[in-house]
Amino acid sequence: MTAVQERSPMPQEREANPAMDAPDRPIGYGRVQRKEDPRFVRGKGRYLDDIVLPGMLHGAILRSPMAHARIVSIDTTEALAHPKVHAVVTGKDLEGLNLAWAPTLSADVQAVLATDKVRFQGQEVAFVVAEDRYSARDALELIDVEYEDLPPVVDVRRALDADAPVIRDDLEGRTDNHIFDWEAGDAAETEVVFARADVVVSEEVVYPRVHPAPMETCGAIADYEPVEGRLTLYETSQAPHAHRTLFAMVAGIPEHKIRVVSPDIGGGFGNKVGIYPGYILAVVGSIVTGKPVKWVEDRSENLMSTSFARDYIMRGEVAATREGKILAVRTKVLADHGAFNATAQPTKYPAGFFSIFTGSYDLQAAHCSVTGVYTNKAPGGVAYACSFRVTEAVYLVERMVDVLAAELGMDPAELRLRNFIKPEQFPYKNKTGWEYDSGDYEPALRMAMEQIGYDELRREQAEKRGRGELMGIGVSFFTETVGAGPRKHMDIVGLGMADGAEVRVHPTGKAVVRLSVQTQGQGHETTFAQILAEELGIPPEDVDVVHGDTDQTPFGLGTYGSRSTPVSGGAVALAARKVKDKARLIAAAMLETRPEDLEWEKGRWSVKGDPSAGKTMAEIALGAHGTVELPEGVDGNLDAEVTYDPPNLTFPFGAYICVVDVDPGTGKVHVRRFVAVDDCGTRINPMIVEGQIHGGLADGVGMALMEFIGFDEQGNCLGGSFMDYLIPTAMEVPDWETGYTVTPSPHHPIGAKGIGESATVGSPPAVVNAVVDALAPFGIRHMDMPCTPARVWEAMQGRPTPPI
Amino acid sequence: MQVTMTVNGAEVTRDVEPRQLLVHFLRETLGLTGTHWGCDTSNCGTCVVLVDGLPVKSCTQLAAMTSGHEVRTVEGLAGGAGLDPVQQGFMAEHGLQCGFCTPGMMLTARALLDRDPDPDEATIREAISGQICRCTGYATIVRSVRWAAEHPAAAATDQEVTA
């Protein structure tokens, strides 16, 4: 494996833009404007709620005001009497259809509508279908539910107490709130290393519950046609094919009679991976009323009931030598999964890829154990651009490395540089079983340090400390693990994590790519056209990208965990290469020569030694569909289909440095600068890559400083609106400064690694490390997110408290 | 009740429920779905339209309150000469990803540039601070607005816009 190093030429400046300045657009990789933008800037996107079907009715969900209560009775008489109401559905009605409970993505079941009791505030209790959305909401007020209060389990640390109320008494024989224990690494070996280490640091690190909160909430429109038994389901879905298969399993409608359409998606970030009760209720509503039914959640429903993220309490420990050689890491985690285990993880990984918590360091031993428990909170547990719990892992290790640096009195950047996995050690097998494909860490961190002026900032900080000013510099270095499968190791509800692409070159040389993955803003229509363009040498504007419709696209598991480019991107490249190979055979027939006498120059097969004799892709495409006599075994088309089963994950990485100033009077944190140097291997469209990074950096500032789904003692959700769940605006984030290195993945067809979640994973520790660094004069070496002014001020008074 | 207002230059008269929000009037009664809805609390700003030239969150205003006023939505941003420089700027500088907040952001930007044709970064950030974007991290939105400020009479096309 040769790692190619490229550097951004002028780190302090924005990326050069030759593509935009050139008279011709690049054929292949490079900065090109997005193909999807012309419709969006005109307001002509077609999001779920923009779709209106003839005769369509509107659904609304009555939700539980209680976190834990027995349902004594539900009276729907008055709601049914509303003149515009067509149906009211309760859990009892669903029991009759065997639909009251639905399987989750983690081998549990989840109530579609509560039958016996409610288990979190915001849980679905009844569904109203009415002629318009206002009437549906009016009718919710007319439903009378009598509840009998039960004590809730809110504090996850008490969930396994012997006297804790049993939340899941619906499950036969269930006597506690325990879901799973899972571990990775070697506990005994790790203990040996810890026992002989000079230095051991330990800290409880909480990654609180947060929410992806895309600007478009979740929703569905179900259109059931009873004569042929066909269901067309429009959904805000990141995984339309997986949803279709699951709907076939849940609803009993044969899979070939279900069409799932995922239109333009207004942001996903993992929130649109799961199947929520509202989607199923829209289907029930359509079957019951015989009309299309639309259900779109409001913002409070989104924040209170759909997939939350994180909620990990982690006891982290690091063993090291006095000289700063990190020897081993270990952690015990308590994971709050809410009332139903609905987390979307590969089956063998109930804690996702958390065991990558060994980070970017060459260690002698590592061990982690994770215990998942039920609480009376909303279910979910993976969403928010975390790459299957990699964000928790990176936050833990990067926070703990800083704790170690404080203990040793060593600069945190220097400590990281001393412990990196070396370039010659790749592919690197870590102590929990991952094989890192490629990496060259030191240049990335050195570039970030140079770009931000690290040494100068440290001098400034020392001066300011002398004057009582609070300035912090936070470093984080992350290694991501993205692009799941391989399918033999990774599946979701038995579906192997591979993804597909179909390529068809039309007779005129224009092409279509059909994808199993689904964009939510990442620019797939552009990026995938560029991959095909690079491989076949046809302009990206001549390539149409089709996605989001199960009738139009090959099967695959969908877009999450930064999978699209690593998996479907691989599929597109390999399908294109099949097309290219076939084009050679056809060109040889057209030129009346042998295929081996032809050579490829971008977009054209020509005769070796006689470049004037050749055929372009467009000419070959016409030949394929024309009257040329084709060699035996060659079909008359230029089509190919590939389902790409990745041999391994890819391991993007990056170095982030954040500078903050903390107001000593109020505890308010101001993010002054943020430098991000990322390496995602091959960069297909640098503009889109950078955009993905920017978005994730804002997420990191949000989680570190503002975002938090809290609960009171009764289990009332305290983050149920944008008044309470605070998301950064343009005022809270700086102008991002970015740089990059390029270390291609050696096993990926185009060397690409995926970039969608790198910044969301890598940035929270940089911000928190900066805040803690600023607070070092107070003797603080750890505080938990979110670092709100009140919490920072408390920490300055010597009262740092976990958020849960 | 009946309301009459000017929407994107054309007068419209419709019967509405008195409680109907302007955002629903635009989206559902008029079918102008470029204006989006994203929260219940006037925090997100995906519903921003211009009322008499000023940015207004259309979820905070009733259709009835808008009677007699002039509304401009994203559908009315492009004029006879083609796309507004703001629309071109958002494409040129990657000011959008999922596109959901984009109409509101662009209308706020248009109102800002109408009163301040050459705003600096801090002014732009403050102007859009009532609106949330979950995708871009805002820097490219700021650059998009600056692009529009620097190209006030940009060529009316959505073909490749040169920087």
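Over all chains of this predicted model, the count comes to 70 salt bridges, where a salt bridge is a side-chain nitrogen of Lys or Arg within 4 Å of a carboxyl oxygen of Asp or Glu. Side chains of opposite charge can pair when their charged atoms come close. Let us start with K117(A) and D169(A), whose side chains meet in such a bridge at 3.0 Å, N to O. K117(A) belongs to strand β6 of chain A, and D169(A) to the loop between β8 (144-149) and β9 (178-185) of chain A, so the pair links distant parts of the chain, 52 residues apart; helices (H or I, at least four residues) and strands (E, at least two) are DSSP runs, numbered from the N terminus. K117(A) counts as buried at 1% relative accessibility, whereas D169(A), at 37%, counts as partly exposed; buried means under 20% relative accessible area, exposed over 50%, and partly exposed in between (1.4 Å probe, protein chains only). Both residues are part of a network of salt bridges that also includes R70(A), D108(A), D116(A), R119(A), R168(A) and D170(A).

The side chains of D138(A) and R19(B) meet at 2.7 Å, N to O.

Now look for the largest pocket, which holds about 440 Å³ of space. A pocket is found on a 1 Å grid over the protein atoms alone, as an open set of points where a 1.4 Å probe fits, with protein on both sides within 12 Å along at least five of seven lines; lining residues have an atom within 4 Å of a point. The volume is the space filled by probe spheres set on the points, which are joined across faces, edges and corners. Of its 19 lining residues, the closest to the centre are R133(A), R137(A), D298(A), H24(B) and W37(B). Helix α5(A) gives the most to this lining, with four residues.

Aromatic rings come next: the structure holds 27 aromatic pairs over all chains. Rings of Phe, Tyr and Trp (its six-membered ring) pair if their centres lie within 6.5 Å; planes under 30 degrees apart count as stacked, over 60 as edge-to-face and the rest as tilted. F120(A) and F340(A) have ring centres 6.4 Å apart and planes at 80 degrees, so they are edge-to-face. This pair ties together parts that are 220 residues apart in sequence. By contrast, F354(A) and F357(A) are stacked, with centres 5.8 Å apart and planes at 5 degrees. Ring pairs also link Y361(A), F420(A), F426(A), Y441(A), F477(A) and F653(A) into a cluster.

A few notes on reading the model: residues are numbered from 1 along each chain as its sequence is written, while chains are lettered from A and ligands numbered from 1 in the order in which they are written. Local features need pLDDT of at least 70, side-chain atom pairs count only at pLDDT 80 or more, and totals for chains, interfaces and linings use all residues, while side-chain values use heavy atoms, with hydrogens and water left out.
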